[in-house]
Amino acid sequence: MASPALQLGAATAAQPAGQAWDAVRVPRGIGLLALEALGARSGAVIEDDRALYWLVPPGSAAGWDITNTTVLGTGAKVLVPPARRTAGPGPFWRVCPGEAWLTDTDALRAAIEDAYRPEVAR
């Protein structure tokens, strides 16, 4: 079940980050590799045609410094799709919100760092 702070309406809506969750925006290619590495440890993930967005505990990504990724916290808004949208066009749930809808920030960091390593290192 999603948190009351994550409103899943009938249409995609811009929702404020920085209260019950922050979001980490990751370029789509790297994000798909990171998602594969995370597996069942991933919480909810929003995808659009350019990026994946993980929902993480608010403030947990302070000091985040991974190339080409962005933490969206207080003052930022994220387009949140309806609960049942699992395909585009537009934002959709790559991983739907469930009981554990937030992703552990340290696990996400490790998965993204691994995804940036050259293919030969995998």
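What follows is a short report on the sheet and on one helix.

## About the model

This is a predicted model, in which local features need pLDDT of at least 70 and side-chain atom pairs count only at pLDDT 80 or more, while totals for chains, interfaces and linings use all residues. Residues are numbered from 1 along each chain as its sequence is written, and side-chain values use heavy atoms, with hydrogens and water left out.

## The sheet

An open sheet is built from 5 strands with antiparallel pairing, in the order S5-S2-S4-S3-S7. Strands here are DSSP runs (E, at least two residues), and helices are runs of H or I with at least four, both numbered from the N terminus; pairing requires at least two DSSP bridges between two strands. At the edges sit S5 (70-72) and S7 (92-95), each pairing on one side only. From one strand to the next, the twist averages 30° (angles run from 0 to 180 degrees between N-to-C directions, with axes fitted to C-alpha atoms, for helices over the stretch in contact).

Look next at S3 (residues 45-47) and S4 (residues 51-56): 3 bridges join these antiparallel strands. Glu47 has Leu52 of S4 as its bridge partner.

## Helix H1 across the sheet

H1 (residues 28-38) lies across S2 (22-27), S3, S4 and S7, and runs at about 45° to S4. Contact means heavy atoms within 4.5 Å.

Which residues of H1 are buried? They are Ile30, Gly31, Ala34, Leu35 and Leu38, where buried means under 20% relative accessible area with a 1.4 Å probe, protein chains only. Seen down the axis of H1, the buried residues fall within an arc of 140°, so they line one face of the helix; the arc is taken from the directions from the helix axis to the C-beta atoms. These buried residues pack against S2, S3, S4, S7 and helix H2 (105-116). After H1 comes Gly39, with a positive phi near 55°.

Note on methods. Buried < 20%, exposed > 50% of the residue type's maximum accessible area, 1.4 Å probe, protein only.
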